[in-house]
Amino acid sequence: MAERRHRAPGGRAAGKGRAAGRPGAPDFDPDFGDQPLTEARQDIVIGRWQGVRDLLRATGADWPRRTHRLRILSHAAAGSSAVETWRAAEPGSPDAAVLRAATEVVRVFNHAIAAGRGVGIDQARLDGAVMTCLDAADASPADPMPWVSLLTVARLYEGGIRQGELRRWWDEMRRRDPYNMEGHVQLLRYFSARWHGTHGRMYDFARDAAGAAPPGSSLSVLVQIARVEEFRHVAEAARGRRPVRDFGQHWHHELAVTEVRRTFERWIGGRAAGPVVPEEVGELNYLTHAACYAGLDGEARALFALLGSRAARVPWSYTGDAAEQFTAFRAARLDE
């Protein structure tokens, strides 16, 4: 499924061109430059939880940053007992309950990945993860993260979950943080053809949510995330066989290009001036990837200027080597 027309440009050494002000090699820091998060994540890997407690306490009700931090910490905590140790030491801590729920969802997903796609997960284990999330919601009533965790684990139920239950979880999340990026991404994936919906259902959701978001909101990029999800699904289905006919236009047909421009105008055009914060970096990589493959050089140049060296492996890894693509596309745009 290699993309021919808009593959990353080659033939230029990364260290050549303009020397002054050139960004360095792509930095695939999973924390996207959030140094306090990096320190807490390193603590939790070795079984220490006090730094995590202090970090989440300091984060407070900054929901975008808190959701970003909890998501990263839950992946780190999934391979240790640190979160359980914290819960035992401070059983009344709402933050410990929320991180414990997010961690259990990651563990269930890890189990599903290890078992292989199409292998059912024990219903009791899924139900246990749901109950852990609901307990966390009770412990931290204002926090959207337990509801984000529920929207995440919903994908693992064979055939999905009841529409009324899904709607309730979605409404509860939006009541607490109506523009929560991670919650929207999880429901988008639930509605995708890879899980419990169709390409059309996924795009309808993405476009509706993007259109309802205020100017300057990163939710505008949901449409580009949906396009990546469709590409991933079709590429996986075609693996080992001939590519799907005419799928080469996926990134740069008229609607795709128009939607990249619209996202750029609504998000970047409405975004407050200032440095890129860690919780924006992942979504900015989606938009930058889309602009590059759509052939929108001016938009791509502006986005690379915002990102500098801060790279995310997804979505670049779905269309080739992530580091090579990021480096080559950036070099070509910043040298123009």
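**Contacts, burial and backbone in a predicted model**

User: What share of the contacts with a separation of 6 or more comes from residues 24 or more positions apart?
Analyst: Such residues account for 69% of the contacts in the protein with a separation of 6 or more, where a contact means heavy atoms within 4.5 Å.

User: What should I know about the model itself?
Analyst: This is a predicted model, in which local features need pLDDT of at least 70 and side-chain atom pairs count only at pLDDT 80 or more, while totals for chains, interfaces and linings use all residues. Residues are numbered from 1 along each chain as its sequence is written, and side-chain values use heavy atoms, with hydrogens and water left out.

User: How many helices and strands are there?
Analyst: The secondary structure comes to 16 helices and 0 strands. Both are DSSP runs numbered from the N terminus (helices: H or I, at least four residues; strands: E, at least two).

User: And how much of the protein is buried?
Analyst: Of its 336 residues, 53% count as buried, that is, under 20% relative accessible area, with over 50% being exposed and partly exposed in between (1.4 Å probe, protein chains only).

User: Turning to Arg66, where is it found?
Analyst: Arg66 is found in helix H3, which covers residues 63-77.

User: Buried or exposed, that Arg66?
Analyst: Arg66 has a relative accessible area of 4%, so it is buried.

User: Which residues is Arg66 in contact with, leaving aside neighbours within four places in sequence?
Analyst: Arg66 is in contact with Leu56, Thr59, Gly60, Asp95, Val98, Ser140 and Asp143.

User: New topic, the backbone: which residues does the cis peptide bond join?
Analyst: A cis peptide bond joins Val314 and Pro315, with omega of about 15°. Pro315 has its place in helix H15, residues 313-316.

User: What is the phi of Phe32?
Analyst: Phe32 is not a glycine, yet its phi is positive, at about 55°.

User: Where does Phe32 sit, and is it buried or exposed?
Analyst: Phe32 lies in the segment before helix H1 (35-45). Its relative accessibility is 13%, and therefore Phe32 counts as buried.
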